[in-house]
Amino acid sequence: GAVAVTAEGDVKPLLQKKFQRTVTTRKKYAGRIEWTEEFEMDFEALLDAIIDMLERDVIIAWQDGILDIIETNATTYLGSSLDGTLVKPDNGLAVIAAAQQIRMLLYNPNYVFMNPADIDAAVYTQDTEGNFSLKPYIDANGNRIGGLTVIPSLKIAEGEAIVGDFSIYKEIHSRIIMRKGQYNAQFIENEYTMVAEVFSILSASPADYPAIVKINLATVKAA
């Protein structure tokens, strides 16, 4: 049933909501380094730099892992009212077409992830006389396209983009956990190990997956 206007004394419509049980598993992004006591004595500053790089590598792997999950769950471009109407569409208009598809599903697209090369190709175009094109739907620096915030990322393959309402995802994570210790024969060999890890849970309802669309820019422009 659905909500409706009812007269006095009429039976109110019965509404039923159905749910699907899903499970989201925790992921652990982790790595370790090992060194000798002599190395620490001789190169203390270098060891500190290596520990910093270990922490950075774990954070990058964690952030990349989140994007990988979102990309895997993303849906495809089906069409918009712009199809067959534009003579020379660019990457920015392809993003706007995908955003329209999402809005028609009652979501509010807020971000687009694009390769930096594709962002520049959308912003800087010229006519045959060398005059730069005026594009009211793209800001001067390519930070926003059609109201969407642009996130440059080399994780996105050139020629592709991910457009969507990213509020459908909820992410919970631990702090970056750093532990120093010894195992097996390390104690008698004057060796140490440092482990770095972060735990993350990224969840969204499968019913909301259409809120994020992965597009091939050339395919959408052709449409």
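Is Asp 57 buried, exposed or partly exposed? With a relative accessible area of 41%, Asp 57 is partly exposed. This value, like the others below, comes from a predicted model.

1. Asp 57 and its partner. The salt bridge of Asp 57 is with Arg 56, and the closest N and O atoms of the pair are 3.5 Å apart. Arg 56 is partly exposed as well, because its relative accessibility of 44% lies between the limits of 20% and 50%.

2. Salt bridges in general. Side chains of opposite charge can pair when their charged atoms come close. In this model the count of salt bridges comes to seven. The points that follow take up some of them.

3. Glu 34 and Arg 32. These two residues form a salt bridge in which the closest N and O atoms are 2.9 Å apart. Glu 34 is partly exposed, at a relative accessible area of 38%. Arg 32, at 52% relative accessibility, counts as exposed, since the limit for that class is over 50%.

4. Asp 90 and Lys 135. The side chains of Asp 90 and Lys 135 meet in a salt bridge with an N to O distance of 2.7 Å. This pair links distant parts of the chain, with the two residues 45 residues apart. Asp 90 sits in the loop between H2 and H3, and Lys 135 in the loop between H4 and strand E3 (144–145). Asp 90 counts as buried at 10% relative accessibility. Lys 135 also counts as buried, with a relative accessibility of 10%.

5. Other partners of Asp 90. The loop that holds Asp 90 runs between helix H2 (44–73) and H3. A polar atom of the Asp 90 side chain lies 3.0 Å from the backbone nitrogen of Gly 92. The side chain of Asp 90 also makes a polar contact of 2.7 Å with the side chain of Tyr 137. Setting aside residues up to four places away in sequence, Asp 90 touches Ala 122, Lys 135, Tyr 137 and Lys 221.

6. Helix H4. Ala 122, one of the residues that Asp 90 touches, belongs to helix H4 (residues 116–123). The buried residues of H4 are Asp 118, Ile 119, Ala 122 and Val 123. Seen down the axis of H4, they fall within an arc of 135 degrees, so they line one face of the helix.

7. Gln 186. This residue lies in the loop between strand E7 (177–181) and strand E8 (191–203). Gln 186 is buried, with a relative accessible area of 3%. Its side chain and that of Thr 193 are joined by a polar contact of 2.9 Å. Leaving aside neighbours within four places in sequence, Gln 186 is in contact with Glu 34, Gly 181, Glu 191, Tyr 192 and Thr 193. Glu 34, listed among these contacts, is the salt-bridge partner of Arg 32.

Definitions and conventions
Residues are numbered from 1 along each chain as its sequence is written. This is a predicted model: local features need pLDDT of at least 70, side-chain atom pairs count only at pLDDT 80 or more; totals for chains, interfaces and linings use all residues. Side-chain values use heavy atoms; hydrogens and water are left out. Buried means under 20% relative accessible area, exposed over 50%, partly exposed in between (1.4 Å probe, protein chains only). Helices (H or I, at least four residues) and strands (E, at least two) are DSSP runs, numbered from the N terminus. The arc is that of the directions from the helix axis to the C-beta atoms. A polar contact is a pair of N or O atoms within 3.5 Å; within protein, one must be able to donate a hydrogen and the other to accept it, and residues adjacent in sequence count only if both atoms are side-chain atoms. Contact means heavy atoms within 4.5 Å. A salt bridge is a side-chain nitrogen of Lys or Arg within 4 Å of a carboxyl oxygen of Asp or Glu.
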